[in-house]
Amino acid sequence: MAAARTEFKGGSRGRGPGRFRAVGRVLRLPVTGTARGIRRATHAHGAGESGLGKLIELHGVNGAGDVMITVALASTVFFSVPTDEARGRVALYLAITMAPFTLLAPVIGPLLDRLPHGRRAAMAAAMGARALLALVLSGAVVSGSVEMYPAALGVLVASKAYGVVRSAVVPRLLPPRFSLVKANSRVTLCGLLATGVAAPIAAGLQQVGPRWPLYGAFVIFVAGTVLSFTLPRKVDSARGEDRALLAADEQHLHGPLRKPGRRPGLRTVGPAVTHALGANAAIRCLSGFLIFFLAFLLRVHPMTGQSAAVSLGIVGVAAGAGNALGTAVGAWLRSRAPEIIIVTVVAFVLGTAVTAAVFFGAVLVACLAAAAGFAQALAKLSLDALIQRDVPEQVRTSAFARSETLLQVSWVLGGAVGIVLPLNGTLGLSVAAAIIAAGWLTTVRGLIGSARHGGPARPRVA
């Protein structure tokens, strides 16, 4: 009996750790399985070997952190007070944060352009700065102190600095036979998915307390700071690069920048790119306008039978779905006829805006949000394709950085217009149609002409 009991106890001790390990594996499976699935998706088709997969994951972290801060600030500035007071507070927020940013944004691209050897450090600094500012905001949103506004400005500048550097980094991480359009599609789609996952989590944390989304943002951005340094070292290499000017041709270049005898077009982005950039600026301006105008319009006049929060949620989901669809379509088209794509999508969103203005209604407002998201994603990918096709490799990275800065300024200007308009649906959507019409009419002829004559003969990849 004693021997049997001893054998039983020894067997129990031997099987116990095994059982615990089995239970641990079962509990870890959802997390590890999800992580492995994400890693397989982001590192597919050579993206893991080139380093693009790590940038895709870093952009997802960036999107999740930004939405945490956005939810916290929106709840403080917009939802926590009556509509009239909220409009004044948002106007103050724009004046204190967006107006200085409009002056700073044109400087961000050229400044980062002069520091090509420190791109990983610049991305880490942008992440780290937002982590620290999230802690500052966690105190300001509770006390309502004026520290909230300069901290929000710092978050905005750091976020846009990251965006500029990220646009400059993508071309250096392309796998073999991998187009820039496809790469940017993956990066953008990962950011959208991360934002969609993080938004409800942020809303849940907001219910616990106004500080908690900001604590979540702090943790996420600290992780992003670490991940920034895991990017390949070639991100910091500027070998073979030069600086680009957004000029249409050599005749616009003056002074020391013109160097006769050098290869023509080294410091020019070409007319097709400048026209495409103008069309994209109009779409980005429309996007900023719709965000601010519809936020207040739907709070005062929500959709029939819905609360203001649900109405805003419906429009937000429509815009996100449109953006995701545009990203997917852009990856599928693989940069075919980018000029025609831009002309078509801008005409499409213009027609939607005119229809929504004439027959104003809840369904058409959601359709306009979806159309704007779709057009913004697809037109931006087509602009990327034109830059890859027409801009010499030596200045391509710089051209991405400077074009992204211009698009960000356009978004800010559109938001400023949206905040000052009276809350009249027909009037507001008429202004939206006018914004997009101005961009379309001033660029359509140049884009069509460029499509007919074709761009410079440069190698293109699928």
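A: Please bear in mind that the model is predicted.

Q: Is threonine 352 buried or exposed?
A: Threonine 352 has a relative accessible area of 14%, under the 20% limit, so it counts as buried.

Q: And which residues is threonine 352 in contact with, leaving aside its neighbours within four places in sequence?
A: Those contacts are Cys367, Leu368 and Ala371.

Q: On to the helices. At what angle do the axes of H11 and H12 cross?
A: The crossing angle is roughly 165°, and the axes come within 9 Å of each other. H11 covers residues 338-358, and H12 covers residues 362-390. Because an angle over 145 degrees counts as roughly antiparallel, H11 is described that way relative to H12.

Q: What is the handedness of the crossing where H11 passes H12?
A: H11 passes H12 in a left-handed crossing.

Q: How does the contact of H11 with H12 divide by class?
A: It has 20 nonpolar residues, along with 3 polar and 2 charged ones.

Q: Changing topic: how many aromatic pairs are there?
A: The count comes to 4 aromatic pairs. One of them joins phenylalanine 348 and phenylalanine 374, with ring centres 6.3 Å apart and planes at 80°, so this pair is edge-to-face.

Q: Where do phenylalanine 348 and phenylalanine 374 lie?
A: Phenylalanine 348 is in helix H11 and phenylalanine 374 is in helix H12, so the pair ties together parts 26 residues apart in sequence.

Q: Is phenylalanine 374 buried or exposed?
A: Phenylalanine 374 is buried, at a relative accessible area of 17%. Phenylalanine 348, with 43%, is partly exposed.

Q: Back to packing. What about H9 and H11: at what angle do they pack?
A: Helix H9, residues 271-300, packs with H11 at about 25°, and their axes are 11 Å apart. Angles under 35 degrees count as roughly parallel, and H9 and H11 are therefore roughly parallel to each other.

Q: What is the handedness where H9 passes H11, and which residues make the contact?
A: H9 passes H11 in a left-handed crossing. From H9 the contact is made by Ala272, Ala276, Ala279, Asn280, Ile283 and Leu286. From H11 it is made by Glu339, Ile342, Val346 and Val349.

Q: And how do the residues of the contact of H9 with H11 divide by class?
A: They divide into 8 nonpolar, 1 polar and 1 charged.

Definitions and conventions:
Residues are numbered from 1 along each chain as its sequence is written. This is a predicted model: local features need pLDDT of at least 70, side-chain atom pairs count only at pLDDT 80 or more; totals for chains, interfaces and linings use all residues. Side-chain values use heavy atoms; hydrogens and water are left out. Axes are lines fitted to C-alpha atoms, for helices over the stretch in contact, and angles run from 0 to 180 degrees between N-to-C directions. Helices (H or I, at least four residues) and strands (E, at least two) are DSSP runs, numbered from the N terminus. Angles under 35 degrees count as roughly parallel, over 145 as roughly antiparallel, 65 to 115 as roughly perpendicular and the rest as oblique. A crossing is left-handed if the near helix is turned anticlockwise from the far one by less than a right angle, and right-handed if clockwise. Ala, Val, Leu, Ile, Met, Phe, Trp, Tyr, Cys and Pro count as nonpolar, Asp, Glu, Lys and Arg as charged, and the others, Gly among them, as polar. Rings of Phe, Tyr and Trp (its six-membered ring) pair if their centres lie within 6.5 Å; planes under 30 degrees apart count as stacked, over 60 as edge-to-face and the rest as tilted. Buried means under 20% relative accessible area, exposed over 50%, partly exposed in between (1.4 Å probe, protein chains only). Contact means heavy atoms within 4.5 Å.
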